[in-house]
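Dear colleague,

Please find the structure below, together with its sequence.

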Amino acid sequence: MPEVVPSFSNSVKLKYVKLGYQYLVNHILTFLLVPIIIGVTIEVLRIGPEELLSIWNSLHFDVLQILCSSFVIIFVGTVYFMSKPRSTYLVDYSCYKPPVACRVPFSTFMEHSRLILKDNPKSVEFQMRILERSGLGEETCLPPPIHYIPPTPTMEAARGEAEVVIFSAIDDLMNKTGLKPKEIDILIVNCSLFSPTPSLSAMIVNKYKLRSNIKSYNLSGMGCSAGLISIDLARDLLQVHPNSYAIVVSTEIITPNYYKGSERAMLLPNCLFRMGGAAILLSNKRRDRYRAKYRLMHVVRTHKGADDKAFRCVFEQEDPQGKVGINLSKDLMIIAGEALKSNITTIGPLVLPASEQLLFLLTLIGRKIFNPKWKPYIPDFKQAFEHFCIHAGGRAVIDELQKNLQLSAEHVEASRMTLHRFGNTSSSSLWYEMSYIESKGRMKRGDRVWQIAFGSGFKCNSAVWKCNRTIKTPTDGPWQDCIDKYPVHIPEIVKL
């Protein structure tokens, strides 16, 4: 029998071909300049010292020309450094860890659902099916007022939850960084559904006796992506206020937003949302560049609110019985996909290496000119980032992004484990994921982190951070007592 000719794909490791292509394109300038520099150097060495000296002597410099040239160089350098945006550093952050007394195992959640919705067994069964497929674990937490039967979502109880979550996170942050309250220049708080008067930011000012000239902001109604909106606002403020500290507090207060009705689309948040909050310290001070953990590279915000479906896909409203809750549309994942597509189209040119951008451009030209049926090229974002923090909004969100961005199980591990351990903590979930990566000892100097969050409106926001220094495995934080047992296997369905 004649020998079978080996196929090209078997005889050549295609992954090495791709790596070679990426290396060649990403370093094309180096490959072009090195031969030129070598040629110039050889030519200079061939010229004798006497010829070089005669060439130097033949040059005539006028004092006025030297002064004018020096002035131009100094002027251009001054304009460049003055117009250069100030770097924004993430000094440190802290995540709130609820006490064990707030834990809500599946059995407790379902028992409460049966008692509260005893006249509507179909709604109870629906919640059980959602919980079985949610990706949540047995240690997620709800605030004490939700543990009562029936729940007691009073204004006083909501304020109590806000104080515990926010003050605990800020106290821990101040202990970590040695920051004093009087040193805080900017305060930004985001909480989507609980917006009391006085505001939560005013509550913090009162608690810590902050300065009277502090610049405080309170963002509400902006959904789970509000944390990155707050980061963007803080960055803009730090550009115009030199030598300043900014604290960003991201949380969602669950107490007043527990839905007590029976509409299925409005029962979903009850199954997914849990207690949580984070406090982040940002700085534009040069001396903080060495102790800061990260440097903010990019923030990209995408808003699809001009479309009616996108605007109403996450909507607070009353059900036919007059009970208020959050209605999650069936089109949510489709709308989220469109928002993500717009967002990565903007962020791609900022972060992707030249090799990926060239492949994307060639594919786009080929589809436009030759064949519209060509499969579009999806850029490999793994070439741009070492870590991914995808908003832990639910299992479907993480699955969809993993599929669309072609990520491995390790890339989405932080998101899945955060959803399992803490549930959907809204805008603060990204910081629990960042803490997970650090607790695993994976964050190295120079690593790039991509945070992606979705929120009502509808919005998709991204932030890119670069690690300033290798992060030592923390001995505290929300993962302190459980990081060793993670990652855990999360089955597709947990039978209750």
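How many bridges join S9 to strand S10 (residues 448–455), and do they run parallel or antiparallel? There are 4 bridges between S9 and S10, and the two strands run parallel. Within this pair, Ile 390 has Ile 452 in S10 as its bridge partner.

Please note that this is a predicted model, in which local features need pLDDT of at least 70 and side-chain atom pairs count only at pLDDT 80 or more, whereas totals for chains, interfaces and linings use all residues. Residues are numbered from 1 along each chain as its sequence is written, and side-chain values use heavy atoms, with hydrogens and water left out.

The sheet

Helices (H or I, at least four residues) and strands (E, at least two) are DSSP runs numbered from the N terminus, and two strands pair if DSSP finds at least two bridges between them. An open sheet of 9 strands has the order S3-S2-S4-S5-S1-S6-S11-S10-S9, with mixed pairing. Strand S3 (215–219) and strand S9 (387–390) each have a single partner strand, so one side of each edge strand lacks a neighbour in the sheet. From one strand to the next, the twist averages 20°.

S6 (residues 294–303) pairs with S1 (residues 89–95) in the antiparallel sense over 2 bridges, and Tyr 89 stands opposite Arg 295 in S6. S6 is also joined to S11 (residues 459–467) by 9 bridges, again antiparallel; here Thr 302 has Cys 460 in S11 as its bridge partner.

The helix pair

Two packed helices are described by the angle between their axes and the distance between the axes. H17 (residues 413–422) packs against H18 (residues 429–439) at about 115°, with the axes 9 Å apart. Axes are lines fitted to C-alpha atoms, for helices over the stretch in contact, and angles run from 0 to 180 degrees between N-to-C directions. H17 is therefore roughly perpendicular to H18 (65 to 115 degrees).

Phe 422

Phe 422 is found in helix H17. At 2% relative accessibility, Phe 422 counts as buried (under 20% relative accessible area, 1.4 Å probe, protein chains only). Leaving aside neighbours within four places in sequence, Phe 422 is in contact (heavy atoms within 4.5 Å) with residues including Pro 98, Arg 274, Tyr 432 and Trp 479. The C-alpha atoms of Phe 422 and Thr 30, 392 residues apart along the chain, are separated by 47 Å.

Yours sincerely

Technical notes
Buried means under 20% relative accessible area, exposed over 50%, partly exposed in between (1.4 Å probe, protein chains only). Angles under 35 degrees count as roughly parallel, over 145 as roughly antiparallel, 65 to 115 as roughly perpendicular and the rest as oblique.
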